2 protein chains.
Amino acid sequence: MDSQFLEKLQKNFNIVFHDVSLLDQAFTHSSYVNEHRQLQLSDNERLEFLGDAVLELLVSRFLYTQYPNVPEGTLTKLRAAIVKEDSLAAFAKECHFDRYIALGKGEERSGGRERVALLCDLFESFLGALYLDQGLEKSEAFLEQVVYPKVLSGAFSHEMDYKTRLQEILQRSGDRIIDYRLVKEEGPAHDRLFWTEVYCDDELVGKGYGKSKKIAEQDAAANALVQLEDK
Amino acid sequence: MDSQFLEKLQKNFNIVFHDVSLLDQAFTHSSYVNEHRQLQLSDNERLEFLGDAVLELLVSRFLYTQYPNVPEGTLTKLRAAIVKEDSLAAFAKECHFDRYIALGKGEERSGGRERVALLCDLFESFLGALYLDQGLEKSEAFLEQVVYPKVLSGAFSHEMDYKTRLQEILQRSGDRIIDYRLVKEEGPAHDRLFWTEVYCDDELVGKGYGKSKKIAEQDAAANALVQLEDK
């Protein structure tokens, strides 16, 4: 493995591999193996298989702990947004992993080094190697630097509905009582309108309306979010 | 939680929960929560979200270690077969989990206790609770009793191709050299037939033929498997 990369891993992430051959394998694409059969190398696909599951557990544990009041459906959407191909490829590029993967000539020529699927697999195979070499907690420490800050900054929160996002933001600074109150309903049954207000610790933070209570609450939460972001 | 169930967990799996409320939550279906709003219970869905990822990592680690020569594609198929709804529901029933889940009346009447999706979720939520209460290695010990023996007995190996299965079986007793030899090819280019023999440590274990080398090798492996199973 390139010594500059080893230094970067140590300097940026405090990672020193005990078994560097695992790292080599993580950065060996099947196209390179196919072009160098005499070397009898292993490609990174089995490590990717393992790393995928390591990532899944760590991200799940993080979300489970970080958002104690967020329902399962939203957690699942958030997790899917974090571990999807595009996101992982972006993380791989941020870590400059793309510079160090060994590719076959054909793969290189056809732009493999920039390919989202390849970079996503690379991020996972790196994590698989890290896990085998240093265990779950060191793998978590890496994600704490690379992935979790993005999650906390709200980069994936569009996957949350407005009520959940509002709850997430308001409860960052501690447990608060968030309360949706139906204040008015009007019109005939088939065309009824509902007005809702949302309160945080008895302070009015947003108003909304809609053709069902649920829509009115989402609208109130969305309006509260707009006002919070203006602050 | 039912004391008989607690005893069973201890007797059969050597599991004693420190925090029994986690176990209670794992066995509380949302339909029960909805019918008992005054109790302010939590259902098992968030634990299921976590347990799903715990299972994914443990099964992946097991397969990765158990089958050092099996390619990623086959590992992925095997994993999918093990963690799919039907399989997990069967594991839940084997552990008699179905007897102890708290259901709402409507869910009970409509046969929820036998529903595959519900039982699958229950197996995952139990695993999520076990992981939170006792960590990864104790969760693994549970799978070592309930899931892995099934995997090793070949219950999911139909997901492997014949060559992989043959390799898996032959290498159970140590590293062996498995070798496919093309022994004959016949006929015109557009309708050619290939004959292959497969050897294990230079001993002939199967013969096959087909319209491509690949098919001939799969056929040889399939025939070797039949003969091995007859022994």
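Author: The dialogue below takes up the core, the aromatic pairs and the charged groups in turn. This is a predicted model, in which local features need pLDDT of at least 70 and side-chain atom pairs count only at pLDDT 80 or more, while totals for chains, interfaces and linings use all residues. Residues are numbered from 1 along each chain as its sequence is written, chains are lettered from A and ligands numbered from 1 in the order in which they are written, and side-chain values use heavy atoms, with hydrogens and water left out.

Reader: Which residues of the largest nonpolar core touch the most other members?

Author: In soluble globular proteins, nonpolar side chains tend to be buried together. A nonpolar core is a set of buried Ala, Val, Leu, Ile, Met, Phe, Trp, Tyr and Cys residues joined through side-chain atoms within 4.5 Å; buried means under 20% relative accessible area, exposed over 50%, and partly exposed in between (1.4 Å probe, protein chains only). Here the largest core has 112 residues, and F123(A), F142(A), F123(B) and F142(B) touch the most other members. F142(A) has a relative accessible area of 2% and is therefore buried.

Reader: How many aromatic pairs are there, and how is a pair described?

Author: One gives the distance of the ring centres and the angle of the planes. Rings of Phe, Tyr and Trp (its six-membered ring) pair if their centres lie within 6.5 Å; planes under 30 degrees apart count as stacked, over 60 as edge-to-face and the rest as tilted. The structure holds 31 such pairs over all chains. F97(A) and F142(A) are stacked, because their centres are 6.4 Å apart and their planes stand at 10°. F97(A) is buried, at 0% relative accessibility. In chain B, F91(B) and F123(B) form a tilted pair, with 5.8 Å centre to centre and 35° between the planes. Both F91(B) and F123(B) are buried.

Reader: What is the distance between the closest N and O atoms of E185(A) and R192(A)?

Author: Side chains of opposite charge can pair when their charged atoms come close. A salt bridge is a side-chain nitrogen of Lys or Arg within 4 Å of a carboxyl oxygen of Asp or Glu. In the salt bridge of E185(A) with R192(A), these atoms are 2.8 Å apart. E185(A) is partly exposed at 36%, and R192(A) is partly exposed at 27%. E185(B) and R192(B) also form a salt bridge, with closest N and O atoms 2.8 Å apart. Shared partners join D52(A), E56(B) and R79(B) into one network of salt bridges.
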